[in-house]
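Dear colleague,

Please find below the structure that I am handing over to you. My findings follow directly after it.

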Amino acid sequence: VNNTIVLNNGVSIPQLGLGVFQTPAGDETVNAVKWALASGYRHIDTARAYNNEESVGQGIRESGVNRRDIFLTTKLWNADIRAGRTREAYEESLDRLGTDYVDLYLIHWPADGWQQAWKDMQELYLERRVRAIGVCNFEQHHLEELHALSSVKPAVNQIESSPQFTNQTLIDWTNSQMRVDVEAWSPLGGTGGSLLKQPELQAIADRYGKSPAQVIIRWHLQRGVIVIPKSTHKERIEQNFDVFDFSLSDHDMHAISALDTGKRNGADPDNFNF
Ligand code: A2P
């Protein structure tokens with residue numbers, strides 16, 4: 001069974017979800033969502049910028065799983081933040097998804113204009129159009145600025161985190177000082193997959209009779225982080241959910257954290273140009 005985390009606004013989120021970044025629209029996304037829901041996932045994480053919201057919606061409808069039983073996240077894209085079109089962008093995402101609410105709406109990056117976007121998202125939240133709102137790729141200084149301008153806390157901060165770039169300092173600060181839960185993107189180290197071939201990780205995985213991907217997902221869960229691994233393959237989607245029958249020792253948790261290279265896989269939130 002999936003673990004559930006209660007966010008700071010009282011809404012529950014399944015700790016393990018399916019991410020669909022870089023999953024092409026059409027059959028690949030529709031199938032990934034259907035396979036995930038059939039294997040027990042109840043949390044799907046998409047974004048306007050992934051260009052697959054329509055296929056996510058189709059996959060949910062074709063799965064036969066009740067929309068209300070699924071935790072669905074999408075994100076406000078940078079161009080819409082800069083243009084000040086939060087409400088329009090939200091309605092457009094709902095139309096594409098074919099639903100009348102999402103569970104979590106996130107600011108995708110701290111693009112110029114995010115402060116106004118946060119006010120607009122608060123309105124949507126207070127009008128009960130969305131169950132929770134949050135941010136992505138916020139560093140400590142962004143969260144401090146948000147905290148100073150707003151009474152509504154983000155429910156989550158979704159940031160890059162994997163054994164290769166644990167981001168542990170930001171996670172610890174976000175959890176303890178802000179009382180905000182963290183979601184990890186690129187949780188397996190992203191495309192390329194070199195982390196999954198790391199020999200120490202493979203050795204740990206062998207001892208548990210699990211795959212490196214399963215061990216990494218388990219490491220995220222035991223750190224208390226919400227995790228959204230991506231795959232377009234049925235066996236991997238199923239494998240990535242088969243992580244509730246074992247537990248990593250403290251020793252192995254530390255060994256995995258020690259793989260940190262300090263090098264990001266994705267963009268730097270203080271210096272991005274998209
Ligand atoms: P694929 O979609 O071809 O399965 P992240 O979630 O960190 O972005 O990383 C996902 C990457 O790891 C993708 O390239 C995905 O490729 C691959 N992947 C996902 N699950 C597994 C798995 N269980 N075993 C091996 N590779 C995986």
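The notes below take up the sheet, a helix beside it, an annotated histidine and the surroundings of the ligand.

Please bear in mind that this is a predicted model.

The sheet. Eight strands, in the order β3-β4-β5-β6-β7-β8-β9-β10, make up an open sheet with parallel pairing. At its edges stand β3 (18–19) and β10 (226–227); each has a single partner strand, so one side of each lacks a neighbour in the sheet. Within the sheet, β4 (residues 43–45) and β5 (residues 71–76) run parallel and are joined by 3 bridges. Asp45 stands opposite Thr73 in β5. Helix α5 packs on the sheet, where it touches β5, β6 and β7 (133–136), and its direction makes about 170° with that of β6.

Helix α2 and its surroundings. In α2 (residues 53–63), the buried residues are Glu53, Ser55, Val56, Gly57, Gln58, Gly59 and Ile60. They pack against α1 (27–39), β4, β5 and α4 (86–97). Just after α2 comes Gly64, which takes a positive phi of about 80°. The loop between β4 and α2 holds Asn51. Asn51 counts as partly exposed because it has 14 C-beta neighbours inside 10 Å, whereas a buried residue would need 20 or more. From C-alpha to C-alpha, Asn51 and Thr174 are 29 Å apart in space, and they are 123 residues apart in sequence.

The annotated histidine. An unreviewed UniProt entry carries the annotation "binding site", which covers His108. Where does His108 lie? His108 is found in the loop between β6 (104–107) and α5 (114–126). Is His108 buried or exposed? His108 counts as buried because it has 24 C-beta neighbours inside 10 Å. Apart from neighbours within four places in sequence, the contacts of His108 are Ala47, Ala49, Lys75, Leu76, Trp77, Asn78 and Cys136.

The ligand. Which residues come nearest to the ligand, of the 19 around it? They are Leu188, Ala213, Lys230, Ser231 and Arg236. By class, the shell around the ligand is made up of 12 polar, 5 nonpolar and 2 charged residues. Helix α10 (residues 234–241) gives the most to this shell, with 3 residues.

Yours sincerely

Methods
Residues are numbered from 1 along each chain as its sequence is written. This is a predicted model: local features need pLDDT of at least 70, side-chain atom pairs count only at pLDDT 80 or more; totals for chains, interfaces and linings use all residues. UniProt positions are given in the numbering used here, feature names are shortened, and annotations may be inferred rather than shown by experiment. Helices (H or I, at least four residues) and strands (E, at least two) are DSSP runs, numbered from the N terminus. A residue is buried if 20 or more other C-beta atoms lie within 10 Å of its own, exposed if 12 or fewer, and partly exposed in between; C-beta atoms are placed from the backbone. Two residues are in contact if their C-beta atoms, placed from the backbone, lie within 7 Å. Two strands pair if DSSP finds at least two bridges between them. Axes are lines fitted to C-alpha atoms, for helices over the stretch in contact, and angles run from 0 to 180 degrees between N-to-C directions. A residue is near a molecule or strand if its C-beta atom, placed from the backbone, lies within 6 Å of it. Ala, Val, Leu, Ile, Met, Phe, Trp, Tyr, Cys and Pro count as nonpolar, Asp, Glu, Lys and Arg as charged, and the others, Gly among them, as polar.
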